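Here is a briefing on a ligand site and a chain interface. Have the sequence and the model open as you read.

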Amino acid sequence: MTPRLKPAALALLFPALVLGWWEWESRQSAGHAYAFAPLEQIGRSFVDMLSDGTLLFQAGASLQRALTALLIGGSIGIAIGVATGLSRLLDRTATPLITTLRQVPILGWLPLVALWFGNGDGAKLLLVSLSAFYPTVLNTQKGMQAIETRYAEVGRLYGFTRWQALRLIAWPSALPLIFTGISQALAFSWIATIGVELLFSATAGLGTEMMAAQVAARTDVVLVCVACVGVMGFALNQLFGLLRARLLRWQPPIRN
Amino acid sequence: MPADNPGRSRSSPLSAYRTTLLRIAPIVTILIAWELAALSGLWPRQVLVPLEQVGATLLALASSGELERHVSASLYRLTCGFLTGSTIGVATGVAMALSRNVHRLLWPSFTCVRQVPVIAFIPLLILFFDVEDSFKIVIVAIASFFPSALATHDAVRDIPASHREVARLYRLPLASFLRRVILPATVPQVLTGLRLGLTRGWLSLVAAELLAADSGLGQMMEMGRQLFQIDVVLCGVIVTGLIGFLLDGSVVRLERRLSRWRTA
Amino acid sequence: MSDPRILRDPALRPTSTGTGAVRISGLSKHYAIGGKAMTVLDGIDLAIRPGEFVSIVGPSGCGKSTLLRLIVGLDTDYDGEIRLDDARVAGTGLERGLVFQDHRLFPWMTVAKNVEVALLNQKLPRERRDRLIAEHLALVGLADFGDAYPYQLSGGMAQRAAIARALVNEPKVLALDEPLGALDALTRVKVQAELQRIWMEAGTTMIMVTHDVDEALFLGDRVVVMSSRPGRIARIVDVDLPHPRDRASPLLHRLKDEILAELTREPREDDGTLVSFPPRIRN
Ligand SMILES: Nc1ncnc2c1ncn2[C@@H]1O[C@H](COP(=O)(O)OP(=O)(O)OP(=O)(O)O)[C@@H](O)[C@H]1O
Ligand SMILES: [Mg+2]
């Protein structure tokens with residue numbers, strides 16, 4: 001083995017072992033094949049779901065839900081974060097409330113929301129938005145409060161109005177943290193989307209598809225969905241990273 | 001600009017008192033509004049339960065031992081899962097950070113699987129394990145495995161190379177190398193990872209219990225929902241939040257104590 | 001530029017229109033440190049003529065930065081009086097500028113936008129504003145860097161951009177707090193020359209704090225020597241030479257020796273903060 005090949009070979013060794021073990025299990029008995037769907041069948045399901053459009057449709061539904069909720073929860077979070085970051089009174093009153101509510105795991109609200117708002121799309125959107133709200137509000141607030149006196153003094157020197165100071169100093173200097181908040185919110189809303197789809201019998205979405213497959217004991221379909229959820233979460237994160245780098249191009253590139 | 005305010009950190013007993021008042025004011029306001037709305041009769045009592053009824057239900061659940069049953073079921077799963085997941089996680093993290101071959105073997109798969117939200121594993125795990133404890137313990141274990149492995153890996157990797165070289169120079173055996181060098185240098189970061197793992201474990205556990213269980217706080221809430229008992233659901237929300245708060249708070253306190261010991 | 005003899009006496013300079021005179025009298029400043037009032041500046045009296053270049057040297061911690069902050073109005077809590085053209089200073093104003101010790105460019109704006117910051121609250125037509133920015137970037141040798149972000153500049157370039165920002169709104173008085181402190185010796189000499197050229201062209205009153213006695217003498221019409229604890233004016237040295245000056249001039253060397261003697265005569269009762277000079281003594 002050449003030294004250049006070794007890392008790649010090692011990287012592939014682990015998945016290969018897992019897959020081999022899986023395939024071996026699936027051939028033990030019919031009962032085993034029930035849980036350990038043979039690899040070939042998983043592949044076939046993937047191709048089927050892709051060609052008949054199920055995967056695209058369900059993934060699109062989940063994506064739309066996650067992004068809508070990100071937009072709602074994220075913008076409310078940023079607005080409240082700016083307000084509480086600027087006003088001490090608001091900070092002292094609203095922040096304890098938010099931190100108190102945040103102690104309840106998002107999906108723990110689900111039974112209550114279901115009772116109050118039913119289990120339509122609105123209720124789901126509410127929960128997913130809430131999951132996007134927390135990280136944006138907290139990070140925005142932190143960013144707005146961390147305005148450096150150094151820069152504020154430059155504003156005073158040039159006679160900035162309050163609005164100019166907000167727009168030209170406080171907001172841009174908070175922006176990196178706001179973006180951190182949004183990227184956390186993106187991850188959270190993706191997780192919460194899958195969660196509400198699993199728990200609420202949703203109309204469409206990868207979570208719904210997975211639940212249906214689980215009830216029908218279709219491990220192959222479940223696995224395809226799991227992989228799809230993972231790949232999409234990763235892709236969303238990467239895309240957002242690119243957007244962030246573009247919008248924050250005034251920051252020196254992060255060394256790795 | 002807030003930064004120009006010189007009196008910002010001044011604190012007299014009076015202002016401390018006012019701060020507390022301000023802090024609880026909105027919560028109290030909401031509770032009062034809730035109570036008034038419930039009493040107004042605009043919504044059915046079943047939908048907007050008066051607070052005293054929530055309190056009474058909480059007391060009833062507590063005194064009948066039902067709450068204890070659910071709480072202990074949940075905490076048992078959380079403890080088992082968290083201990084398993086974080087132990088394996090820390091060990092994996094250390095191994096990946098110290099050995100280049102282990103890193104090459106596991107890291108790509110680790111990063112791939114890490115992208116999948118833990119909740120998405122629930123349907124899969126239901127197919128593989130029975131609906132009761134083991135499935136939930138595994139969920140919690142997975143949820144706490146990834147953050148603790150990642151944090152440990154990063155912490156160990158960030159130890160300055162000079163530390164390792166010194167250890168090699170003095171031919172420290174692995175055990176004392178781990179104890180004398182790795183442990184003290186990584187404690188804070190690893191604790192942060194464990195804290196995240198605990199939070200995620202708790203979140204995933206509640207989700208799993210909502211979905212499939214015959215005991216546990218999640219199941220209690222789900223039953224409440226199906227029987228349209230909003231008071232029970234609310235009790236569940238309160239207790240869940242409280243447990244989350246206490247768990248997080250205790251890790252934070254541990255973090256603080258250990259970091260004090262480090263700087264002392 | 002025109003006849004150096006005109007430049008020699010600031011009062012004769014064509015650009016000095018009689019504005020930009022700073023009169024400081026009986027100025028004292030206290031800070032509360034750990035509940036105790038500490039006197040940072042004590043009984044400062046200084047009259048600066050319009051268009052004059054005044055250098056300030058003094059041991060570290062003697063209150064030089066504090067003095068400049070008071071002059072530009074970033075801090076208004078003081079005893080005594082600071083007057084600009086007979087109006088009492090009460091807060092910041094566009095007629096007084098400051099170049100900070102650290103450049104303080106906003107990292108989220110390009111260099112041109114950073115310079116524009118100084119013009120935001122002046123009612124200027126767009127094209128005139130753009131022209132002013134371009135002119136001043138060219139003035140400090142950054143004509144090609146208008147679209148660069150501060151992280152893409154070297155320390156010296158960033159400091160020059162900060163100088164451009166301070167100059168662009170043509171303040172009557174410009175305070176400079178060790179503006180060249182972060183530069184290497186070579187760049188420093190170059191920027192000194194640029195600063196001098198700008199000063200001669202614009203006729204702004206400049207008050208510059210520096211740790212470098214050579215620099216203070218090369219640029220200043222007068223050099224104010226301060227002593228510390230509390231901060232007082234120990235001596236004011238007139239530099240009676242036309243600009244631009246010859247660095248090798250024997251007069252400058254004699255004055256330098258005098259100033260250094262003055263500075264080292266300082267009683268050393270406490271923590272030795274005084275020893276901040278030797279860094280850049282060149283011959
Ligand atoms: N915001 C502040 N609060 C309290 N004390 C201060 C503050 N700013 C400055 N001081 C004190 O005032 C004194 C003078 O500070 P100043 O920054 O003016 O010194 P300096 O002469 O500019 O020193 P250097 O040459 O090191 O820049 C110092 O002793 C410092 O401790
Ligand atoms: Mg200073």
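The notes below cover the shell around ligand 1, then the contact of chain A with chain B.

This is a predicted model. Ligand 1 is surrounded by 14 residues. Chain A and chain B bury about 4900 Å² between them.

**Shell around ligand 1**

- The closest residues are C:S60, C:G61, C:K64, C:S65 and C:T66.
- Three elements of chain C, β1 (22-33), β2 (36-48) and α2 (64-72), each give at least two residues to this shell.
- α2(C) has the largest share, with three residues.
- By class, five shell residues are nonpolar, seven are polar and two are charged.

**Backbone atoms at ligand 1**

- A backbone N or O atom of C:G61 sits 2.8 Å from an oxygen atom of ligand 1.
- For C:G63, a polar backbone atom is 3.0 Å from an oxygen atom of the ligand.
- For C:C62, the distance from a backbone N or O atom to a ligand oxygen atom is 3.2 Å.
- Ligand 1 has 640 Å² of accessible area on its own, and the protein covers 65% of it.

**Chain A with chain B**

- Chain A puts 53 residues into the contact, and chain B puts in 51 residues.
- Carbon and sulfur atoms give 79% of the buried area.
- Zero salt bridges are found across this interface.
- One residue pair is in polar contact there, with both residues at pLDDT 80 or more.
- Helices of chain A that each supply at least two residues to its side include α1 (6-26), α9 (162-199) and α11 (219-247).
- The chain A side divides into 39 nonpolar, nine polar and five charged residues.

How values were computed:
Residues numbered from 1 in each chain as written. Chains lettered and ligands numbered in written order. Predicted model: local features only at pLDDT ≥ 70, side-chain atom pairs only at ≥ 80, totals over all residues. Heavy atoms only, no water. Near = heavy atom within 4 Å. Polar contact = N/O pair within 3.5 Å; in protein donor to acceptor, adjacent residues only side chain to side chain. Areas by Shrake-Rupley, 256 points an atom, 1.4 Å probe, with all protein chains shown as cover. Helix = DSSP H or I, 4+ residues; strand = E, 2+ residues; numbered from the N terminus. Nonpolar A, V, L, I, M, F, W, Y, C, P; charged D, E, K, R; others polar. Contact = heavy atoms within 4.5 Å. Buried area = accessible area lost by both parts, 1.4 Å probe. Salt bridge = Lys/Arg side-chain N within 4 Å of Asp/Glu carboxyl O.
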